[in-house]
Amino acid sequence: MGRTGRVERVTKESSVLVEIDLDGTGHTEVATGVPFFDHMLDALGKHGALDLVVRATGDVEIDAHHTVEDVSIVLGQALKQALGDKSGIRRFGDAWIPMDEALAQAVVDVSGRPYCVHTGEPESMAGFVVGGNYPTVLNRHVFESIAFHAGIALHVRVTGGRDPHHITEAEYKALARALRAATEPDPRLEGPASTKGVLES
């Protein structure tokens, strides 16, 4: 059995399909109606070596919020499904990613216990919109939604940066690399990487 997940979610605000393969090659097919978010999800797949399909329609004429939130929820659910019982994976992963003047770190524990800490973004990002379609205030919401619905502990921090585009891209790529490290099989392990013998679900 491959480590894959497929989840659909339909509400009055959006319709979302996510398919994920943890053992992919970074192939992505992404269309959410929010172009910069598409770009970030492409980066997540490419740098996480995930095969990722995301198809979403939503009320983007009102705001990107509903679509971005719902895609993040479904992405987390699909990730959880693909992880299965988490047997034989490394469990922990971290990555530092620079993007010109920006620097971001992501640390992941695929523990089954959801938690998210997101720090360091400049205050100016609370009111910034990249490309006229993606408010960077949504970054934290994306990471929280993925973490809580995937059942992972996630810390994302920005230690430097000036351009909101660069900062955001560094954060997504750091998440991708940390997830890749945490979900990779460890040939030296038998069963879950836990003294309890199980990673909570």
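In the predicted model, the axes of helix α2 (residues 65–83) and helix α3 approach within 7 Å and cross at roughly 30°. Because angles under 35 degrees count as roughly parallel, α2 is roughly parallel to α3. The crossing of α2 past α3 is right-handed. On the α2 side, the contact is made by His 65, Val 68, Glu 69, Ser 72, Ile 73, Leu 75, Gly 76, Gln 77, Leu 79 and Lys 80. These residues meet Leu 138, His 141, Val 142, Ser 145, Ile 146, His 149 and Ala 150 of α3. By class, the residues of the contact between α2 and α3 comprise 8 nonpolar, 7 polar and 2 charged.

An open sheet is formed by 4 strands, arranged in the order β5-β6-β10-β7 with mixed pairing. Strands β5 (92–99) and β7 (115–119) lie at the edges, each pairing on one side only. From one strand to the next, the twist averages 10°. Strand β7 runs parallel to β10 (residues 153–160), and the two are joined by 5 bridges. Within this pairing, Val 156 of β10 is the bridge partner of His 118.

Two helices were found to pack on the sheet. Helix α3 (residues 138–150) touches β7 and β10, and its direction makes about 160° with that of β7. Helix α4 (residues 164–183) touches β5, β6 (102–109), β7 and β10. The direction of α4 makes about 150° with that of β5.

Terms used: Residues are numbered from 1 along each chain as its sequence is written. This is a predicted model: local features need pLDDT of at least 70, side-chain atom pairs count only at pLDDT 80 or more; totals for chains, interfaces and linings use all residues. Side-chain values use heavy atoms; hydrogens and water are left out. Two strands pair if DSSP finds at least two bridges between them. Axes are lines fitted to C-alpha atoms, for helices over the stretch in contact, and angles run from 0 to 180 degrees between N-to-C directions. Contact means heavy atoms within 4.5 Å. Angles under 35 degrees count as roughly parallel, over 145 as roughly antiparallel, 65 to 115 as roughly perpendicular and the rest as oblique. A crossing is left-handed if the near helix is turned anticlockwise from the far one by less than a right angle, and right-handed if clockwise. Ala, Val, Leu, Ile, Met, Phe, Trp, Tyr, Cys and Pro count as nonpolar, Asp, Glu, Lys and Arg as charged, and the others, Gly among them, as polar.
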